[in-house]
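Please examine the sequence and the three-dimensional structure shown below.

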Amino acid sequence: MTDDHAALDRLRSAGFNVDALGDEQISVLTGLSEHELELLEDIKRRLDDAEPEVRAHGDIAGGALF
Amino acid sequence: MTTLSTSTASDALRIKLDLVTPALRAATTSLWREEPSEPSRRRYVAYLYEMHALIRASVPLMERAAERCAELTSHDPVAGPLVRYLERHIEQERGHDAWLLDDISVAGGDPARLADRLPSPVVAELAGAQYYWIEHEHPVALLGFIRVLEGNAPAPWLANRLAERTGLPDAAFRTVREHAELDSGHLTELDAAIDALPLTPVHETVLAVSALHTVDRIIRLFSQLANIPGGPE
C-alpha cells in the first residue's frame, strides 16, 4: 500500500462507496489532508446514525441554507 | 499532502462536498419531518431564530475578511481578487438578516426576544471558526463557509410545503422563498471567483476544511432543531 491509497482506504473503511467513483473524483480524493479525512469520517458517522427513513428521503429534501 | 488532480479548485471542492451531501440532506429531512399530531410551527420559528443568529454574522465576517485582504494585498496574490469578490457579495447579502426578523414576527415569534435569547453554541462554532481562520490562517477560508450556504439553498417548493404544514401565512417564508431563487446564481458566481484565484494546494485545503467543518456543524444544528416538538410553545 502506498500513501496514494491511504486516503481512499480511509474513506472506504468509513463506508463511502469509493469503488463507484470516477477518475477525477479519485484523483481529487487521493490528495485529502488528515483534517479533511477526519471531518469526512465524522460526518459519515452522523449519516450512519440517522434513521433509515431519513437517509432514504434525504435526496428529495433540498437544502435550507442561505 | 497536496492535491494531485488537475481539476479546477471549484470542481475539487464540489467533489469533496458531494461526499457529505447525503448527510446534510438527511439532517434537513429530519428537520422538516411531518408529525401528524401537530404542525411544525414551533420548530420552524426556532429554525428562523438560529438562522438569524448565523446570517447576522455573514456580512461582518465578509467585511473582516476584506479588511484582512487589504492588509495582505501587497504580498499576497489571492488577496486582491478575493476582496473584489467579497465586496460584491457583501452587497448581495446585506439586509437578509432583517428578512429573517420579519419572518419571525409573522410566524408568531418575537424579534424583541433576540436580545435575551442566546443562540445555540453551534452557531458560535460555525461563525467563530471563520473568524479564527480569517485572522490566523487566510481569509480565503471564508469561501468554504459561503460555498456550503450558497450550495444548499432551499428547494423551490419548500416555502409552500412549510406553509401547508405550519398553517402560517406566506409572508412568514420570505427568506426561504427568495433564497431558492437567488442562490443558484450566487453559486455560479462563487465558483467562478474561486477558479479565478491563484490558489496554492494549501489554500485549497483551507477552503475544503472550512467547508466540511461548516457542513459538520450545520448537521449538528439541524439535529438540535429536529428534536424540538413542532407544536406551539
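Residues are numbered from 1 along each chain as its sequence is written, while chains are lettered from A and ligands numbered from 1 in the order in which they are written.

The pLDDT is the predictor's confidence in each residue, from 0 to 100. Chain A has a mean pLDDT of 88, with 83% of its residues at 70 or more. Where pLDDT is low, the predicted coordinates should not be read in detail.

Between the chains, 30 residues of chain A are in contact with 40 residues of chain B (C-beta atoms, placed from the backbone, within 7 Å). On the side of chain A that touches chain B, α2 (23-30), α3 (34-49) and α4 (52-57) each supply at least two residues; helices here are DSSP runs of H or I, at least four residues, numbered from the N terminus. The most comes from α3(A), with 9 residues.

Within chain B, the axes of helix α3 (residues 41-55) and helix α6 (residues 96-106) come within 9 Å and cross at roughly 160 degrees. Axes are lines fitted to C-alpha atoms over the stretch in contact, and angles run from 0 to 180 degrees between N-to-C directions. The helices α3(B) and α6(B) are therefore roughly antiparallel (angles over 145 degrees). Residues making this contact include V45(B) and L48(B) of α3(B) and L100(B) and I104(B) of α6(B).

Key: Predicted model: local features only at pLDDT ≥ 70, side-chain atom pairs only at ≥ 80, totals over all residues. Contact = placed C-beta atoms within 7 Å. Parallel < 35°, antiparallel > 145°, perpendicular 65-115°, else oblique.
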